[in-house]
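Here is a short briefing to read alongside the model. Please keep the sequence and the 3D view open as you go.

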Amino acid sequence: MKFFYFFILLMIVCITANAQTWTGSSGTNWNTASNWNPITVPGSNDIATIPAGATNYPVLTNNILVRSIDMQAGSQIDVNGFNITINSNYDVRFTGATINNSNAATDIVLNIATGNNGYTTYFKNNIVNDAIIFNISGFNTFLDGDAGTVNQFNGDVTYNITGTLVVDISHIIPSQFNGNLTVNRTVKGETHVCNGGGNIAGDYTFTDNTGSIIFMGNNNAKTSIAGTVNVAATDPSPGTTTAFFEMHRIINQTTGGNITVQNTAGFFLEKDTLKITSLNMTGYRGNVNGQASNNDITGTINFSNNPIPLGNASTYFTNNLFAGNVTITKNAVGYPLYESGNHYTGNVVFNCDGSGPVQICYSASSQFDGNVTINRTIAGYTEAFTYGAVINGNFSYTNNTAGDTHLGNFFDFTNRKTIISGTVNITAHYITPDVFAMDEIMNQTGGGNIDVLNSKGFNIKKDTLLVNSFSVTGYSNLFAQFFNNAITGNVTIGDDAGNNGGFYTDMRNNTITGDCNFSNNANSALFDAYNPGSSDYHNKYNGNVTYTRTNGDIYIGIGGSSANTNEYCQNFTINSANNILIGKIKFICTGNSIIEQLGTQPIVVEQLVIEKTGAGKITLNDPVTISGNVTFISGIIYSSTTNSLTFANNATQTGASAASYLDGPVTKIGNTAFVFPVGKPGAYAPISISAPLNLTDAFRAQYFTTDPSGSGYNTSLKDVSLNHLSSSEYWILDRTVGSSSVSVTLSWDASRSGTVNNIPDLRVARWNGSLWKDEGNSQTTGTNTSGTITSLGAVTNFSPFTLASATLLNPLPVNLLSFTATRCNTDVCLLWITANEINFSHYEIEKSIDGRNFNGFYSIPAKNNAVQNSYISTDVNATGNIIFYRLKMVDINGMVKYSDIIKVTLDKPQLVTLSPNPANHFIILKDVNNYHTVRIIDVTGKLQQQKSIVKNTEEINVSRLAAGIYLVELTGNTGRVTIKFVKQ
């Protein structure tokens with residue numbers, strides 16, 4: 001019985017689901033029964049079929065409701081401003097129809113309830129000649145353009161989706177939208193838009209805040225949009241999300257839209273070309289990757305995953321062109337973020353706010369046309385620029401948490417540099433030690449700072465950086481390597497006191513232009529150009545360098561070939577009590593250098609090379625001992641009595657010359673012969689000793705370019721075997737330790753020593769405390785221009801030494817006793833006194849207004865005798881406020897020496913007058929009330945008369961003076977005035 005009732009019910013349903021076919025035999029009115037076959041107007045339980053070939057096609061006169069509709073290819077309908085509502089559990093077909101609307105004030109509205117029995121709604125091959133609104137609900141699939149030819153929409157198209165059904169718009173065959181396309185989903189489901197591509201002549205708007213699965217576009221078929229793109233898609237319940245968002249090959253032409261996608265379970269943007277105001281892809285998470293590849297997007301871009309993941313998927317950004325500022329935030333645990341091969345035209349910020357790894361340029365180089373900023377706020381692994389990058393702005397990296405950091409080409413790939421046109425700023429302050437690596441980073445604008453604190457060792461290689469400062473301190477528990485870098489900026493490197501376990505610091509092949517501070521604070525070693533093999537690991541430092549040791553050992557320039565010599569342009573400072581080992585070091589560049597110890601350890605250098613250029617020099621601020629060799633190439637070492645240079649036993653020197661020597665005391669310890677490489681500016685004057693007897697014997701030498709008499713060693717007190725001594729130079733040679741006697745060898749050079757005409761007559765002279773002793777001449781080398789002379793035997797006592805001659809045939813130098821220039825009213829009076837003029841030519845007076853460029857204006861022959869001579873001259877063309885004078889002295893061989901430069905000030909007029917001039921008995925001085933003393937001096941500088949000035953006009957008796965030239969000197973509170981007069 002039950003079966004019978006079910007059968008009756010089924011028959012009733014079948015009878016009521018009638019199929020009505022349009023004939024149009026009575027006109028166009030949908031509601032005319034005679035237009036249908038059977039002759040009944042379709043109702044809510046009927047399927048209306050509109051075939052092709054009808055004489056008339058239906059026109060609606062009211063809203064209609066049918067069970068389904070089948071508009072066949074070639075059919076037409078005019079909705080005439082009324083709605084079509086379909087409530088179906090059957091297939092719905094609009095296949096090749098033309099849909100018109102003769103009521104211009106309205107839109108075409110299709111209300112389609114697709115049902116739930118697995119049927120499909122098809123909309124394909126149609127022409128829609130007005131704006132159309134699809135209101136779609138139900139469970140069954142809606143297909144727009146699944147086969148056949150293109151749907152052509154000649155107006156705006158709106159899809160309002162209020163059911164869970166799958167909606168495919170422009171599914172396989174690309175539709176032509178000649179207006180705007182709008183898709184709104186309010187019930188969670190799956191939406192496909194333009195899977196087969198499409199053309200949208202207006203704007204495209206998509207809204208779905210239900211957490212649906214969304215697919216837009218297709219990798220193999222482009223979707224062209226003439227207008228803007230606006231997408232808003234949000235999952236309101238991200239804790240259980242299965243939503244996914246894809247967008248492929250969407251191309252639009254008008255800027256102004258916004259794309260905002262939130263809380264999806266991953267995303268995929270591929271080959272899209274978008275002009276938008278902003279793209280925000282945020283809160284995504286799940287087991288599906290987030291991926292943006294091969295896109296060209298113009299606008300402000302923001303990617304950010306959810307801090308709470310639902311899976312362990314990754315995010316990929318590859319081969320995109322992003323024209324705008326970009327922010328990429330990695331929030332979650334896990335969820336690696338990979339970036340490579342992209343081009344950014346704006347500024348880019350990577351926020352590492354989750355613990356998962358972030359890898360930038362991980363498999364291909366990216367180009368950044370703006371600034372690049374990487375911020376890590378949660379501990380995690382950070383890797384940037386593995387395959388290199390181009391950054392046409394500034395680069396900034398901040399990590400104040402933890403996690404290994406690798407910046408640049410740390411895998412040593414070939415030709416994968418990171419080139420930064422702007423500044424570099426790095427702050428990595430680790431709360432727990434992790435690795436810091438920086439390889440092949442190069443920037444071109446100074447001003448930034450790099451500060452790495454508490455890392456787990458470090459690996460910094462092949463970087464070329466312009467920065468204010470580069471500091472790596474507090475590192476421990478792993479090897480620290482600083483190789484092949486070129487850094488312009490101040491560099492500080494120092495480990496943590498707990499850096500134990502043999503994890504040494506190794507610095508090699510670097511060039512640093514800036515001040516350096518290197519410290520060793522743990523029991524591990526610091527190696528600066530240390531190599532037990534034969535390679536060249538040397539570093540070049542163009543600024544000041546300070547080594548500070550509180551623990552462990554510091555090795556500087558140890559091992560390797562001679563090329564493994566550290567180079568220093570400025571100061572070399574150590575600060576230690578012990579255990580800084582200094583091997584091979586070289587001083588170069590034009591600037592001055594200082595060698596200094598701030599602690600207590602003696603400075604011992606194995607190999608020292610001086611190759612300064614220009615006027616560069618080295619000054620010893622502490623004693624320095626050479627254990628191996630000093631190579632003199634160019635430049636001068638300046639030592640002092642307390643800060644001398646000492647050569648240890650078997651230590652040597654090579655290459656000393658007029659271009660490079662030591663100015664100051666130098667000590668030699670040991671039992672080998674030695675040439676002391678001493679001199680003064682412009683004069684190299686070595687002194688040598690034969691081999692002492694004992695390893696502990698010590699001798700100290702120093703050279704002076706002054707008259708021995710002026711230093712208390714009167715050259716007139718001498719052995720009778722000596723005719724005269726040099727008045728321009730002498731050496732101090734002291735035996736400071738031991739009792740060995742040695743032969744002494746002095747050197748001469750015409751430019752400093754004067755004329756040597758007869759070499760056999762030269763003698764070694766030694767001051768014994770009261771007179772100059774003749775130490776003889778056992779052998780000589782050289783020519784009249786330069787050579788050496790050795791004492792006749794071993795010298796037993798040591799003191800000042802100088803050159804002497806047994807006859808007048810070796811004049812040695814002219815001795816300039818004084819040279820003065822004083823104002824004489826409107827003129828300048830010049831006076832000089834000499835001695836020992838033998839084989840001498842003449843004097844020239846030169847003057848200058850700047851103290852650098854001199855011109856001669858007066859020449860006078862030399863008197864050419866061995867006594868004291870005086871000369872006086874007047875510059876009658878003295879003009880200007882300040883004039884500089886010097887005396888040029890020329891011997892008969894053309895050798896030239898210059899006096900010191902003296903300055904005369906003429907800025908105030910001189911009012912004093914002297915008359916008569918020449919005078920016989922009296923001279924009268926007028927306008928002298930500003931002066932308190934008058935002195936009369938002869939041309940030798942000897943005072944002849946002196947008196948106090950008591951009135952404005954003074955008369956002085958000069959009758960007792962011998963005939964000659966005199967200078968009247970007036971001294972007062974306002975200065976000094978000198979007037980020349982002649983006594984007849």
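Does Asn477 count as buried, partly exposed or exposed, and at what relative accessibility? Asn477 counts as partly exposed because its relative accessibility is 37%; buried means under 20% relative accessible area, exposed over 50%, and partly exposed in between, with a 1.4 Å probe and protein chains only. This is a predicted model, in which local features need pLDDT of at least 70 and side-chain atom pairs count only at pLDDT 80 or more, while totals for chains, interfaces and linings use all residues. Residues are numbered from 1 along each chain as its sequence is written, and side-chain values use heavy atoms, with hydrogens and water left out.

**Backbone geometry in loops**

- Most residues other than glycine have a negative phi, and most peptide bonds are trans.
- Asn477 has a positive phi of about 65 degrees although it is not a glycine, and sits in the loop between strand 52 (464-475) and strand 53 (480-483); strands here are DSSP runs of E with at least two residues, numbered from the N terminus.
- Asn263 also has a positive phi, near 65 degrees, and belongs to the loop between strand 28 (257-262) and strand 29 (267-270).
- Asn263 counts as buried because its relative accessibility is 16%.
- The peptide bond from Asn37 to Pro38 is cis, with omega near -5 degrees, and Pro38 is in the loop between strand 2 (36-37) and strand 3 (47-50).
- Asn917 and Pro918 are joined by a cis peptide bond with omega about 10 degrees; Pro918 lies between strand 94 (913-915) and strand 95 (922-926), in the loop.

- Five strands form an open sheet in the order 73-76-80-84-83, with antiparallel pairing; two strands pair if DSSP finds at least two bridges between them.
- Its edge strands, each pairing on one side only, are strand 73 (674-676) and strand 83 (779-782).
- Strand 83 pairs with strand 84 (residues 786-790) in the antiparallel sense over four bridges, and Gly782 has Gly787 of strand 84 as its bridge partner.

**Two residues and their surroundings**

- Phe801 lies in strand 85 (residues 800-805) and counts as buried because its relative accessibility is 0%.
- Arg67 is in the loop between strand 4 (64-66) and strand 5 (68-71), and its C-alpha atom is separated by 9.1 Å from that of Asn18, 49 residues apart along the chain.
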